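User: I am new to this structure and would like a guided look at it. Could you take my questions one at a time?

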Amino acid sequence: MPCRAPVRDGPHPAGATVIPDLVQLIYTSRPFGFDEASLAGVLLDARRCNSRDGITGALICRHDIYLQLLEGRPSAVRAAFARIRRDDRHVEVRLLSSEPVAVRLFPDWAMLHDPVQSLMWSQTADAADLTERIRPAEARQVFEALAAQARRGR
């Protein structure tokens, strides 16, 4: 069960957190030595650091690929991404997008975990091909669909 850690920046209409200085970053990477224990460690570290730093987001993963969205204040998101790039559990880290946004997609999640079931890829799709061909707009659509699912409680 995902860890729900509320991160709020002020009052907002209809459940959206509006922040004047908010950035959303999306990247892909390939896990090194992926197993359940490694994934649990990645999620534990992400939730701890993100809660501390006011970052929210989601991680979509399977044994050979990670797709992650981070959102928060620009300096905090840049620092988190720098930690990820140095983390030896991630290889072939590829930034897809980093852009200002008005509203968080995952305001209640320090790090939502979704074990890529049918949202995006078949289990036979090649991770190297996926990381090369996924476009920022496509990745954002995947996260928008995941956010809608999370709001509905799946």
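The conversation below goes through strands, a helix, salt bridges and nonpolar cores.

User: Before we start, what kind of model is this?
Analyst: This is a predicted model, in which local features need pLDDT of at least 70 and side-chain atom pairs count only at pLDDT 80 or more, while totals for chains, interfaces and linings use all residues. Residues are numbered from 1 along each chain as its sequence is written, and side-chain values use heavy atoms, with hydrogens and water left out.

User: Which residues of β3 point which way?
Analyst: I65, L67, L69 and E71 point one way from β3, and Y66, Q68, L70 and G72 point the other way.

User: What does β3 pair with?
Analyst: Strand β1 (residues 23–31) pairs with β3 in the antiparallel sense over 7 bridges, and Q24 stands opposite E71 in β3. Strand β2 (residues 56–62) also pairs with β3 in the antiparallel sense, over 7 bridges, and C61 stands opposite Y66. Two strands count as paired if DSSP finds at least two bridges between them. β2 and β3 form a hairpin with 2 residues between them.

User: Switching to helix α1: how many residues does it have?
Analyst: Helix α1 (residues 36–53) has 18 residues. From first C-alpha to last it reaches 25 Å, close to the expected 26 Å, a span defined as 1.5 Å times one less than the number of residues. After α1 comes G54, whose phi is positive, near 70°.

User: Which of its residues are buried, and what covers them?
Analyst: The buried residues of α1 are S38, L39, V42, L43, A46, R47, C49 and N50. Their cover includes β2, β3, α2 (74–86), β4 (90–100) and β5 (112–114).

User: How many salt bridges are there?
Analyst: A search of the whole structure finds 7 salt bridges, each being a side-chain nitrogen of Lys or Arg within 4 Å of a carboxyl oxygen of Asp or Glu. One of them joins D45 and R48, with the closest N and O atoms 3.7 Å apart. Another joins R89 and D87, at 2.6 Å. D45, R48, D87 and R89 are linked in a network of salt bridges.

User: Where do D45 and R48 sit relative to each other?
Analyst: D45 and R48 are separated by about one helical turn because they are 3 residues apart in helix α1.

User: Last topic: which residues touch the most other members of the largest nonpolar core?
Analyst: L59 and L70 do, in a core of 19 residues. Such a core is a set of buried Ala, Val, Leu, Ile, Met, Phe, Trp, Tyr and Cys residues joined through side-chain atoms within 4.5 Å. β1, α1, β2, β3 and α2 each give two or more residues to this core, and α2 gives the most, with 5 residues.

Conventions:
Buried means under 20% relative accessible area, exposed over 50%, partly exposed in between (1.4 Å probe, protein chains only). Helices (H or I, at least four residues) and strands (E, at least two) are DSSP runs, numbered from the N terminus. Contact means heavy atoms within 4.5 Å.
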